[in-house]
Amino acid sequence: MANVVVIGAQWGDEGKGKITDLLSRSADVVVRYQGGVNAGHTIVVDGQVLKLHLIPSGILYPDTTCLIGSGTVVDPKVLLGELEMLASNDIDASGLKVASTAHVTLPYHRLLDQAMEQQRGSQRIGTTGRGIGPTYSDKAERSGLRMIDLLDEEHLSERLKGPIASKNLLLQKVHGIEPLDADQVIAEYADYGRRLSSHVVDCTRAIHDAARARKNILFEGAQGTLLDLDHGTYPYVTSSNPVAGGACIGAGVGPTLIDRVIGVAKAYTTRVGEGPFPTELEGSLSDHLCDRGGEYGTTTGRR
(Lines give C-alpha, C1' and ligand atoms only; values in the text may rest on other atoms or scores of the structure.)
Protein backbone atom coordinates (compact mmCIF):
# COMPACT_ATOMS: atom_id res chain seq x y z
CA MET A 1 0.00 0.00 0.00
CA ALA A 2 2.86 2.44 0.87
CA ASN A 3 1.89 6.07 1.69
CA VAL A 4 -1.43 7.12 0.21
CA VAL A 5 -3.51 10.33 0.33
CA VAL A 6 -7.28 10.04 -0.03
CA ILE A 7 -9.09 13.21 -1.10
CA GLY A 8 -12.57 14.16 -2.24
CA ALA A 9 -12.60 15.11 -5.92
CA GLN A 10 -15.85 17.09 -5.76
CA TRP A 11 -17.58 19.27 -3.12
CA GLY A 12 -17.36 16.68 -0.38
CA ASP A 13 -19.76 13.83 0.53
CA GLU A 14 -18.21 11.63 -2.17
CA GLY A 15 -17.95 8.59 0.07
CA LYS A 16 -14.35 9.11 1.22
CA GLY A 17 -15.16 7.41 4.50
CA LYS A 18 -15.95 4.12 2.77
CA ILE A 19 -12.71 4.20 0.78
CA THR A 20 -10.71 5.23 3.85
CA ASP A 21 -12.27 2.41 5.83
CA LEU A 22 -11.37 -0.07 3.08
CA LEU A 23 -7.76 1.14 2.89
CA SER A 24 -7.40 1.39 6.67
CA ARG A 25 -7.45 -2.40 6.88
CA SER A 26 -4.02 -2.39 5.20
CA ALA A 27 -2.68 0.76 6.89
CA ASP A 28 -0.43 0.86 9.94
CA VAL A 29 -1.08 4.58 10.49
CA VAL A 30 -4.05 6.77 9.48
CA VAL A 31 -3.56 10.55 9.60
CA ARG A 32 -6.30 13.18 9.51
CA TYR A 33 -4.58 16.30 8.16
CA GLN A 34 -7.11 19.19 7.93
CA GLY A 35 -10.59 20.40 8.78
CA GLY A 36 -12.37 19.86 12.06
CA VAL A 37 -15.81 18.89 13.32
CA ASN A 38 -17.29 20.38 10.14
CA ALA A 39 -16.39 17.04 8.55
CA GLY A 40 -18.11 13.76 9.27
CA HIS A 41 -18.30 10.14 8.27
CA THR A 42 -20.63 7.34 9.26
CA ILE A 43 -19.47 3.85 10.14
CA VAL A 44 -21.51 0.79 11.02
CA VAL A 45 -20.29 -1.63 13.70
CA ASP A 46 -22.39 -4.76 14.36
CA GLY A 47 -25.45 -2.97 13.03
CA GLN A 48 -24.79 0.10 15.19
CA VAL A 49 -24.44 3.40 13.28
CA LEU A 50 -21.60 5.56 14.62
CA LYS A 51 -20.96 9.13 13.42
CA LEU A 52 -17.42 10.48 13.71
CA HIS A 53 -16.23 14.02 13.03
CA LEU A 54 -12.62 14.03 14.21
CA ILE A 55 -11.44 10.48 14.82
CA PRO A 56 -10.31 8.61 11.67
CA SER A 57 -12.32 5.51 10.78
CA GLY A 58 -9.10 3.50 11.12
CA ILE A 59 -9.88 3.46 14.85
CA LEU A 60 -11.93 0.32 14.19
CA TYR A 61 -8.73 -1.65 13.65
CA PRO A 62 -6.84 -2.28 16.90
CA ASP A 63 -3.42 -2.57 15.24
CA THR A 64 -3.80 0.79 13.43
CA THR A 65 -2.48 4.03 14.94
CA CYS A 66 -4.77 7.00 14.27
CA LEU A 67 -3.27 10.49 14.26
CA ILE A 68 -5.07 13.84 14.23
CA GLY A 69 -2.50 16.10 12.58
CA SER A 70 -1.41 19.65 13.20
CA GLY A 71 -3.45 20.99 10.29
CA THR A 72 -6.67 19.85 11.94
CA VAL A 73 -8.56 22.07 14.37
CA VAL A 74 -9.79 20.15 17.40
CA ASP A 75 -12.93 20.68 19.46
CA PRO A 76 -11.95 18.76 22.61
CA LYS A 77 -15.54 18.49 23.83
CA VAL A 78 -16.58 16.74 20.61
CA LEU A 79 -13.44 14.59 20.63
CA LEU A 80 -14.14 13.36 24.16
CA GLY A 81 -17.73 12.63 23.16
CA GLU A 82 -16.50 10.47 20.29
CA LEU A 83 -14.08 8.62 22.58
CA GLU A 84 -16.92 7.92 25.01
CA MET A 85 -19.17 6.72 22.17
CA LEU A 86 -16.47 4.32 20.98
CA ALA A 87 -15.86 3.04 24.51
CA SER A 88 -19.58 2.39 24.98
CA ASN A 89 -19.44 0.22 21.85
CA ASP A 90 -16.38 -1.71 23.13
CA ILE A 91 -14.04 -0.12 20.56
CA ASP A 92 -10.52 0.44 21.87
CA ALA A 93 -9.40 4.02 21.12
CA SER A 94 -6.05 3.86 22.92
CA GLY A 95 -4.32 4.05 19.52
CA LEU A 96 -5.61 7.59 18.93
CA LYS A 97 -2.98 10.33 19.02
CA VAL A 98 -3.53 14.10 18.67
CA ALA A 99 -0.88 16.57 17.51
CA SER A 100 0.29 18.82 20.32
CA THR A 101 0.39 21.64 17.76
CA ALA A 102 -3.20 21.22 16.53
CA HIS A 103 -5.26 24.34 17.21
CA VAL A 104 -8.25 24.25 19.55
CA THR A 105 -11.81 25.39 18.86
CA LEU A 106 -13.13 27.39 21.83
CA PRO A 107 -16.68 28.50 22.79
CA TYR A 108 -16.22 31.98 21.32
CA HIS A 109 -15.26 30.49 17.96
CA ARG A 110 -18.62 28.74 17.71
CA LEU A 111 -20.55 31.83 18.84
CA LEU A 112 -18.75 34.10 16.38
CA ASP A 113 -19.14 31.63 13.52
CA GLN A 114 -22.90 31.49 13.99
CA ALA A 115 -23.28 35.24 14.57
CA MET A 116 -21.23 36.20 11.50
CA GLU A 117 -23.12 33.76 9.29
CA GLN A 118 -26.44 35.20 10.45
CA GLN A 119 -25.15 38.73 9.84
CA ARG A 120 -24.26 37.89 6.21
CA GLY A 121 -27.94 37.39 5.39
CA SER A 122 -28.40 36.56 1.71
CA GLN A 123 -24.61 36.50 1.31
CA ARG A 124 -24.15 33.65 3.77
CA ILE A 125 -21.41 31.12 3.01
CA GLY A 126 -23.16 28.01 4.29
CA THR A 127 -20.86 27.36 7.26
CA THR A 128 -21.70 24.51 9.63
CA GLY A 129 -21.54 26.96 12.56
CA ARG A 130 -19.03 24.75 14.41
CA GLY A 131 -16.38 27.48 14.81
CA ILE A 132 -13.96 26.16 12.19
CA GLY A 133 -13.40 29.40 10.26
CA PRO A 134 -12.79 31.55 13.37
CA THR A 135 -10.39 28.91 14.75
CA TYR A 136 -8.32 29.01 11.57
CA SER A 137 -8.53 32.83 11.60
CA ASP A 138 -7.00 32.95 15.08
CA LYS A 139 -4.33 30.49 13.95
CA ALA A 140 -3.38 32.84 11.10
CA GLU A 141 -3.49 35.85 13.44
CA ARG A 142 -1.19 33.94 15.84
CA SER A 143 -3.64 34.35 18.71
CA GLY A 144 -4.95 30.78 18.80
CA LEU A 145 -4.50 28.05 21.39
CA ARG A 146 -3.00 24.65 20.65
CA MET A 147 -3.56 21.27 22.28
CA ILE A 148 -0.28 21.58 24.19
CA ASP A 149 -1.62 24.73 25.88
CA LEU A 150 -4.39 22.71 27.54
CA LEU A 151 -1.96 20.49 29.44
CA ASP A 152 -0.95 23.08 32.08
CA GLU A 153 -3.78 25.02 33.75
CA GLU A 154 -1.60 27.94 34.84
CA HIS A 155 -0.17 28.34 31.35
CA LEU A 156 -3.66 27.96 29.87
CA SER A 157 -4.97 30.74 32.11
CA GLU A 158 -2.19 33.07 30.98
CA ARG A 159 -2.75 32.26 27.32
CA LEU A 160 -6.55 32.44 27.37
CA LYS A 161 -7.51 35.45 29.47
CA GLY A 162 -6.43 37.98 26.83
CA PRO A 163 -8.25 36.35 23.90
CA ILE A 164 -11.42 35.85 25.96
CA ALA A 165 -11.43 39.54 26.95
CA SER A 166 -11.08 40.69 23.33
CA LYS A 167 -13.62 38.17 22.00
CA ASN A 168 -16.11 39.20 24.72
CA LEU A 169 -15.91 42.79 23.49
CA LEU A 170 -16.63 41.58 19.96
CA LEU A 171 -19.49 39.37 21.11
CA GLN A 172 -21.09 42.15 23.17
CA LYS A 173 -20.48 45.30 21.15
CA VAL A 174 -20.86 43.95 17.63
CA HIS A 175 -23.17 40.94 17.92
CA GLY A 176 -25.14 41.65 21.12
CA ILE A 177 -24.24 38.28 22.67
CA GLU A 178 -23.67 37.72 26.40
CA PRO A 179 -19.95 37.54 27.32
CA LEU A 180 -18.25 34.32 28.33
CA ASP A 181 -17.05 33.68 31.89
CA ALA A 182 -13.26 33.46 31.54
CA ASP A 183 -12.70 31.40 34.68
CA GLN A 184 -15.38 28.93 33.66
CA VAL A 185 -13.91 28.48 30.18
CA ILE A 186 -10.38 28.05 31.57
CA ALA A 187 -11.55 25.43 34.10
CA GLU A 188 -13.53 23.57 31.43
CA TYR A 189 -10.64 23.41 28.95
CA ALA A 190 -8.08 22.55 31.62
CA ASP A 191 -10.28 19.55 32.43
CA TYR A 192 -10.34 18.61 28.75
CA GLY A 193 -6.55 18.82 28.73
CA ARG A 194 -6.26 16.46 31.69
CA ARG A 195 -8.61 13.94 30.09
CA LEU A 196 -6.87 14.05 26.71
CA SER A 197 -3.26 14.34 27.88
CA SER A 198 -2.42 10.68 27.23
CA HIS A 199 -3.37 11.14 23.55
CA VAL A 200 -1.32 14.30 22.88
CA VAL A 201 1.94 13.65 21.02
CA ASP A 202 4.45 15.14 18.58
CA CYS A 203 2.48 14.04 15.53
CA THR A 204 5.11 14.89 12.91
CA ARG A 205 7.74 12.83 14.72
CA ALA A 206 5.31 9.92 14.99
CA ILE A 207 4.67 10.03 11.23
CA HIS A 208 8.38 10.19 10.35
CA ASP A 209 9.17 7.35 12.77
CA ALA A 210 6.51 5.25 11.03
CA ALA A 211 7.92 6.16 7.60
CA ARG A 212 11.45 5.18 8.65
CA ALA A 213 10.06 1.86 9.86
CA ARG A 214 8.56 1.32 6.37
CA LYS A 215 5.01 1.32 7.70
CA ASN A 216 1.98 1.98 5.49
CA ILE A 217 0.58 5.48 6.11
CA LEU A 218 -2.86 6.64 4.96
CA PHE A 219 -3.55 10.38 4.89
CA GLU A 220 -7.26 11.11 5.21
CA GLY A 221 -8.66 14.37 3.84
CA ALA A 222 -11.95 16.03 4.76
CA GLN A 223 -14.42 17.96 2.58
CA GLY A 224 -13.45 18.07 -1.13
CA THR A 225 -11.15 19.66 -3.69
CA LEU A 226 -13.75 22.19 -4.88
CA LEU A 227 -14.06 23.48 -1.30
CA ASP A 228 -10.33 24.22 -1.00
CA LEU A 229 -9.62 27.66 0.46
CA ASP A 230 -7.20 28.58 -2.35
CA HIS A 231 -8.43 26.49 -5.28
CA GLY A 232 -12.16 26.09 -4.66
CA THR A 233 -15.25 28.16 -5.47
CA TYR A 234 -14.22 31.06 -3.19
CA PRO A 235 -15.75 32.46 -1.01
CA TYR A 236 -18.04 29.43 -0.77
CA VAL A 237 -15.26 27.20 0.50
CA THR A 238 -13.92 25.69 3.69
CA SER A 239 -11.16 27.28 5.79
CA SER A 240 -8.40 24.78 5.03
CA ASN A 241 -6.81 22.90 2.12
CA PRO A 242 -8.46 19.53 1.35
CA VAL A 243 -6.34 19.08 -1.80
CA ALA A 244 -3.57 16.46 -1.82
CA GLY A 245 -0.88 19.06 -1.15
CA GLY A 246 -2.63 19.92 2.09
CA ALA A 247 -1.60 16.53 3.47
CA CYS A 248 2.04 17.61 3.48
CA ILE A 249 1.35 20.85 5.35
CA GLY A 250 -1.27 19.47 7.74
CA ALA A 251 0.71 16.34 8.63
CA GLY A 252 4.16 17.94 8.55
CA VAL A 253 5.75 15.79 5.86
CA GLY A 254 7.54 16.47 2.58
CA PRO A 255 5.94 15.61 -0.79
CA THR A 256 8.51 12.88 -1.47
CA LEU A 257 6.92 10.84 1.33
CA ILE A 258 3.68 10.52 -0.67
CA ASP A 259 3.56 7.55 -3.05
CA ARG A 260 0.02 7.79 -4.37
CA VAL A 261 -3.08 10.02 -4.34
CA ILE A 262 -6.60 8.59 -4.64
CA GLY A 263 -9.41 10.98 -5.57
CA VAL A 264 -12.92 9.84 -4.67
CA ALA A 265 -15.90 10.87 -6.82
CA LYS A 266 -19.56 9.88 -7.10
CA ALA A 267 -21.47 9.10 -10.29
CA TYR A 268 -23.41 12.32 -9.66
CA THR A 269 -22.26 15.49 -7.93
CA THR A 270 -23.76 16.95 -4.76
CA ARG A 271 -23.13 20.11 -2.82
CA VAL A 272 -24.16 21.09 0.74
CA GLY A 273 -24.56 24.73 1.77
CA GLU A 274 -24.30 27.81 -0.42
CA GLY A 275 -22.35 28.59 -3.58
CA PRO A 276 -22.53 27.90 -7.32
CA PHE A 277 -23.78 24.53 -8.52
CA PRO A 278 -24.27 24.72 -12.31
CA THR A 279 -25.74 21.21 -12.74
CA GLU A 280 -28.17 21.37 -9.80
CA LEU A 281 -31.38 19.41 -10.27
CA GLU A 282 -34.77 20.27 -8.82
CA GLY A 283 -38.06 18.47 -8.46
CA SER A 284 -38.83 14.76 -8.23
CA LEU A 285 -35.54 13.55 -9.74
CA SER A 286 -33.57 15.53 -7.16
CA ASP A 287 -35.76 14.13 -4.37
CA HIS A 288 -35.29 10.59 -5.69
CA LEU A 289 -31.48 10.89 -5.81
CA CYS A 290 -31.32 12.41 -2.31
CA ASP A 291 -33.50 9.71 -0.79
CA ARG A 292 -31.95 6.72 -2.58
CA GLY A 293 -28.42 8.02 -2.12
CA GLY A 294 -28.90 9.03 1.52
CA GLU A 295 -27.65 12.51 0.65
CA TYR A 296 -27.87 14.05 4.10
CA GLY A 297 -24.77 15.47 5.77
CA THR A 298 -23.30 13.55 8.74
CA THR A 299 -22.38 16.80 10.49
CA THR A 300 -25.38 19.06 9.86
CA GLY A 301 -28.05 16.71 8.53
CA ARG A 302 -28.46 19.14 5.62
CA ARG A 303 -29.71 17.79 2.31
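Reader: How many residues does the largest nonpolar core have, and which have the most contacts inside it?
Author: The largest nonpolar core has 67 residues, and those with the most contacts inside it are L79, M147, L160, I207 and F219. A nonpolar core here is a set of buried Ala, Val, Leu, Ile, Met, Phe, Trp, Tyr and Cys residues joined through side-chain atoms within 4.5 Å, where buried means under 20% relative accessible area, exposed over 50%, and partly exposed in between, with a 1.4 Å probe and protein chains only. This is a predicted model, in which local features need pLDDT of at least 70 and side-chain atom pairs count only at pLDDT 80 or more, while totals for chains, interfaces and linings use all residues. Residues are numbered from 1 along each chain as its sequence is written, and side-chain values use heavy atoms, with hydrogens and water left out.

Reader: Which helix gives the most to this core?
Author: Helix α6, residues 182-196, gives the most, with six residues; helices (H or I, at least four residues) and strands (E, at least two) are DSSP runs numbered from the N terminus.

Reader: And why does the core lie between the two domains?
Author: Domain 1 (3-102 + 199-293) and domain 2 (104-196) both give residues to the core, so it lies between them; the domain bounds come from an automatic or database domain assignment.

Reader: What is L160 in contact with?
Author: If its neighbours within four places in sequence are left aside, L160 is in contact with L106, Y108, L145, V185 and I186, contact meaning heavy atoms within 4.5 Å.

Reader: Changing topic, where is T64, and is it buried or exposed?
Author: T64 sits in the loop between β4 (48-52) and β5 (65-68), and it is buried, with a relative accessible area of 7%. Its side chain reaches the backbone oxygen of A27 at 3.2 Å, and beyond neighbours within four places in sequence T64 is in contact with S24, A27, D28, V29, V30 and G58.

Reader: What about the backbone, which residues does a cis peptide bond join?
Author: A cis peptide bond joins Y234 and P235, with omega of about 5°, and P235 is in the loop between β10 (217-220) and α8 (245-251).

Reader: What is the phi of D90, and where does that residue lie?
Author: D90 has a positive phi of about 60° although it is not a glycine; D90 lies in the loop between α2 (76-88) and β7 (96-99) and is exposed, with a relative accessible area of 75%.

How values were computed. Polar contact = N/O pair within 3.5 Å; in protein donor to acceptor, adjacent residues only side chain to side chain.
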